[in-house]
Amino acid sequence: MKHLWLIGAFWLAYTVPVSSQSFSHSISNLGTKEEKTIVVDGMKVVFPVDQEDVIQLLLPTFAIHREARKEHAARAAKEMNEAFLELQPKFKVLVQKLLGIDELNEGFDEAVEKELARVKKVTRQWVDWSGDIREIHFWNHATVQPFVNSETGGTTFEEIRFFPESNGNTKFTLLPPFMDEFGIGLGKLRPDLKKVQAFRLDIPLFGKPGESASSVATSVMQGNLLIAEGQNKLAAQLGGNIYKEVVESLLLDQIEAQFFTKDTPKSITRGMARYYLLMNIILSERDNALQMLPQLLYFPIPENRKNAAKFLEKVATMDPLRTDDPELQDAAGRILMMSVFQSAQNTNKDKAIFVEFKKAGIVIPKGGLNREEFIAALRKTYPNINKQLSGTRAEVVKMMRDNFLKTVKKKKAPFVLPEDYQKRKIDGMTFFHPKLLSKAVDKLGPEWAQNIRDAQEVIKKRFNAPIVPSITISEKDSASLQKYGLTGNIDEMRMWAGQTALIANTGHLAIRLFAGNEVQIWFKEDLIDLMKSGVEVPDFAMNKTGDSVTFDFSFTYDVSASVGNVLEMIASYPAKFFPVVIKDVDKMAKASLDEQIAAIRKGDVLIGQLTKSKKTITPEQLTGKTTRFFSDQQAFFVVIHEVVEADLMRGTIASEYRRWFCDGLANVIAIRECDRRFGAKVGMETFASMLNEEQVKRHKAKVDLLKWAAVEAEDDSIIEAKGLSAAHYFYATKALLTATEGRDTEFIANWIAKINETNWTRTNAETVIRAYDELTGDDLLNILNLSLAMGEGDDRIEIWNQTNGGKNDRGSTKANVIFYLDDKEVWRKDEVKLSWVKGQDMVTKVEIPRIKVNRVRVEISEFHFRGGGLAEIQLFRDGKNIARGGRVEASGFWAKNKKYSPSKVVDGITSGNQKDGGYWLLPNKKAGWIVIHIAD
């Protein structure tokens with residue numbers, strides 16, 4: 001697993017991957033799979049039940065959208081039919097010009113009428129399909145998963161396809177049932193369909209986690225407008241496709257009537273018709289002609305991958321001019337079309353083939369050419385046609401394979417030692433290496449063999465400790481979590497108990513990880529070439545672009561297995577080898593022996609590390625980061641945190657900016673549960689033991705709790721800034737501790753329940769804050785801000801006590817400190833214990849938030865012997881005491897003696913141990929208060 005504590009509790013950083021979690025914390029498949037169906041004016045609407053609030057907002061738009069579709073469909077059909085009527089007389093001129101002939105056969109007008117009737121059929125289909133919506137199906141992240149292409153991330157539904165783009169936009173393609181998705185010309189349209197139903201509209205509801213229903217609905221409305229625009233474009237595209245099909249059909253009709261015998265194969269006559277269609281496209285759409293070539297070349301292949309492979313093998317070996325297999329006619333015709341086009345291009349001949357035949361002295365007999373006569377004419381006119389046919393056939397087959405057989409899985413070739421590599425023993429250690437580096441390995445091998453053995457012995461002695469068992473998780477622990485309104489999943493708790501125990505047993509894993517007795521030395525170029533050829537090299541993996549390789553230094557195991565079983569399983573695994581990867585094979589061929597040895601050392605990733613640290617090697621050195629061996633308290637803390645966080649994420653808050661709440665509250669509950677299990681104050685002590693408070697405080701200025709993104713949405717800056725994520729954990733916990741201080745378990749359960757009143761997919765920080773404020777009447781946002789405002793720089797309040805001029809019969813022992821801005825309380829700290837020592841001037845320093853304040857109130861609630869009082873109150877901002885000389889009010893002062901008046905707390909005299917005064921005294925044995933007004 002990449003991170004043992006969720007992607008990263010800040011006190012865990014164990015880099016050796018050992019497992020994948022069975023309890024996923026991902027919300028990539030956001031939402032429920034449960035769907036609901038309603039009928040709106042005869043139209044079926046299907047949607048995930050957790051999106052009903054969005055659907056209610058969209059309902060009024062359905063009728064508007066449907067009415068617009070009807071209007072547009074009818075108008076587009078009328079315009080297409082009128083356009084083709086206008087084209088009717090022009091088709092005659094076009095066909096004559098393309099074929100280079102003076103007269104058309106008598107049946108041409110009849111053929112045109114037939115084509116126009118087909119046009120009307122297709123436009124009726126367009127109206128039937130495009131003029132209304134029979135069903136709208138809305139998909140959330142969870143329900144759309146079966147339709148997602150794992151390679152492209154695109155989504156294909158029944159009649160619409162979505163393609164995500166790198167700029168964050170999404171393209172879409174509409175898929176009408178009467179129009180083939182691929183190809184151009186004959187075969188593209190299907191007017192023979194018995195019935196065309198109204199369009200089914202599939203719409204992904206891909207709102208961000210925590211996004212409001214209105215925001216998602218707005219996005220959907222905008223998306224519908226785009227689909228309407230797509231409908232307009234599709235109408236234009238349909239008109240273009242009909243035109244090309246009509247032109248090719250009319251060309252085919254004339255070619256068959258004037259140039260070929262009735263028994264000439266369709267592959268030849270259709271190939272010629274398609275060739276002339278290409279000429280027309282070049283003349284009319286010069287800029288787009290080359291982009292259309294793949295579509296012109298396209299011919300359908302079997303959907304079954306195995307049958308498709310066999311079909312393409314047949315195409316690859318057929319003679320396009322002599323094939324009589326009906327299954328191959330279409331492919332042969334398109335290959336012929338492209339071959340003649342390329343031959344004409346290469347010889348600068350006239351693009352009208354039959355004109356070139358005439359120039360070459362070939363007379364087309366009455367009744368037309370048969371196949372053999374056409375082949376002879378073709379060879380005489382284009383002497384290189386056979387070579388061209390062979391090359392085009394290979395190109396077309398490759399294109400079809402690439403486009404439609406991508407998912408065919410190739411069998412991995414078995415690993416065989418490359419010819420220019422060798423494997424041999426040196427001092428009991430196996431070395432696998434290029435023969436080119438034999439002398440360098442001879443010299444380096446004994447040193448490495450000895451170093452590896454020495455390090456392995458050290459690891460065995462140092463880490464072969466008794467197995468640490470998992471901390472026991474009982475039904476009592478599960479039941480305790482349920483009181484917070486959580487599921488308290490005991491299986492999940494025990495799984496995390498096993499995870500923490502495995503960390504405590506890291507040494508056993510380290511022993512096996514470094515127990516290998518083989519060194520593999522590779523040239524990177526050889527390794528990549530071998531893997532690109534389909535060879536599976538054990539323990540190496542290549543990236544998608546094929547320019548780098550990684551070594552898998554990991555073990556996997558079942559997370560439900562016991563610690564003992566896992567370690568037993570690991571001990572039985574084949575030991576890993578020590579990999580060395582070197583660049584620049586050509587450079588190494590010319591390098592000196594010393595240069596080769598230096599390159600081998602540089603390519604090593606493990607042996608040198610073991611060699612340098614074998615005397616003092618620790619798990620920290622092996623992994624490169626901190627590895628903790630948890631105490632029972634720490635292990636239990638981690639278990640509770642992980643289970644609570646997962647519970648909150650899965651059932652309470654969906655927003656990607658949820659971590660301040662999930663992690664903060666998870667720590668609060670873990671602290672309380674540690675207290676329950678191990679005793680009072682253990683929870684806070686455990687939390688403190690798992691982080692460095694001083695280090696995290698250095699990042700406080702960069703912390704933004706409400707913008708702390710979940711791992712799946714985390715910005716690189718968070719990942720790269722060392723300690724920043726830990727700082728977020730710390731301040732989120734600090735804020736939630738304040739928010740829940742003095743509030744019992746039932747309050748937390750009520751808070752979670754209040755949040756759960758909102759649809760989970762809509763929950764965000766605002767939901768959480770609003771629920772808290774409604775339950776408490778307090779301002780959670782203010783609490784979050786104050787958690788970060790505390791202790792900024794050297795800001796503090798200093799409360800100086802007094803001993804009544806050394807008589808030691810008076811002094812304050814406990815107080816509440818409250819800050820106000822005008823009439824609003826903005827911060828307080830209750831029951832501050834004030835230092836008091838007989839005969840000494842004592843000061844109590846209190847960390848304060850950096851917030852605007854113009855009034856400070858100190859309430860003396862407990863005092864020593866005769867009564868309370870203070871020598872001085874100082875409020876420091878940026879090193880300056882801003883309370884000095886401020887206007888003061890108080891509940892009273894002793895005997896109304898001005899010597900002990902309230903103004904003494906701002907006179908600059910901090911001593912309350914002097915006989916001549918300078919301090920404030922309260923009336924005998926009475927609690928009281930004092931207020932200092934701070935000037936702007």
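V397 is found in helix α10, which spans residues 385–404; helices here are DSSP runs of H or I with at least four residues, strands are runs of E with at least two, and both are numbered from the N terminus. The model is predicted, so local features need pLDDT of at least 70 and side-chain atom pairs count only at pLDDT 80 or more, while totals for chains, interfaces and linings use all residues. Residues are numbered from 1 along each chain as its sequence is written, and side-chain values use heavy atoms, with hydrogens and water left out.

V397 has a relative accessible area of 3% and is therefore buried (buried means under 20% relative accessible area, exposed over 50%, and partly exposed in between, with a 1.4 Å probe and protein chains only). Leaving aside neighbours within four places in sequence, V397 is in contact with L312, V315 and A316, where contact means heavy atoms within 4.5 Å. R743 lies 346 residues from V397 along the chain, and the C-alpha atoms of the two are separated by 73 Å.

In soluble globular proteins, nonpolar side chains tend to be buried together. A nonpolar core is defined as a set of buried Ala, Val, Leu, Ile, Met, Phe, Trp, Tyr and Cys residues joined through side-chain atoms within 4.5 Å. The largest such core has 113 residues, and W126, F138, Y276 and F374 have the most contacts inside it. Helix α3 gives the most to this core, with 15 residues. Apart from it lies another core, of 63 residues, with V644, I653, A727 and Y729 among them. When residues up to four places away in sequence are not counted, F138 touches residues including V45, F47, I55, F62, L205 and V220.

Helix α29 (residues 780–789) is mostly covered, with seven of its ten residues buried. These buried residues are L780, I783, L784, L786, S787, L788 and A789. Their cover includes the helices α22, α26, α27 and α28 together with β16.

Side chains of opposite charge can pair when their charged atoms come close. Counting a salt bridge as a side-chain nitrogen of Lys or Arg within 4 Å of a carboxyl oxygen of Asp or Glu, a search of the whole structure finds 47 of them. One joins E245 and R118, with an N to O distance of 2.9 Å. This pair links distant parts of the chain, as E245 is in helix α3 (residues 213–258) and R118 is in helix α2 (residues 108–130), 127 residues apart. E245 counts as buried because its relative accessibility is 3%, whereas R118, at 23%, counts as partly exposed.

A salt bridge also forms between E159 and R134, whose closest N and O atoms are 3.1 Å apart. E159 lies in the loop between β4 and β5 and R134 in strand β3, so the pair ties together parts that are 25 residues apart in sequence. E159 is buried at 5% relative accessibility, and R134 is partly exposed at 23%.

In the salt bridge between E356 and K359, the closest N and O atoms are 3.5 Å apart. Both residues are in helix α8 (residues 353–359), and because they are three residues apart, about one helical turn separates them. E356 is buried, with a relative accessible area of 6%, while K359 is exposed, with 59%. Elsewhere, salt bridges that share partners join K44, R134, E135, E158, E159, R200 and D202 into one network.
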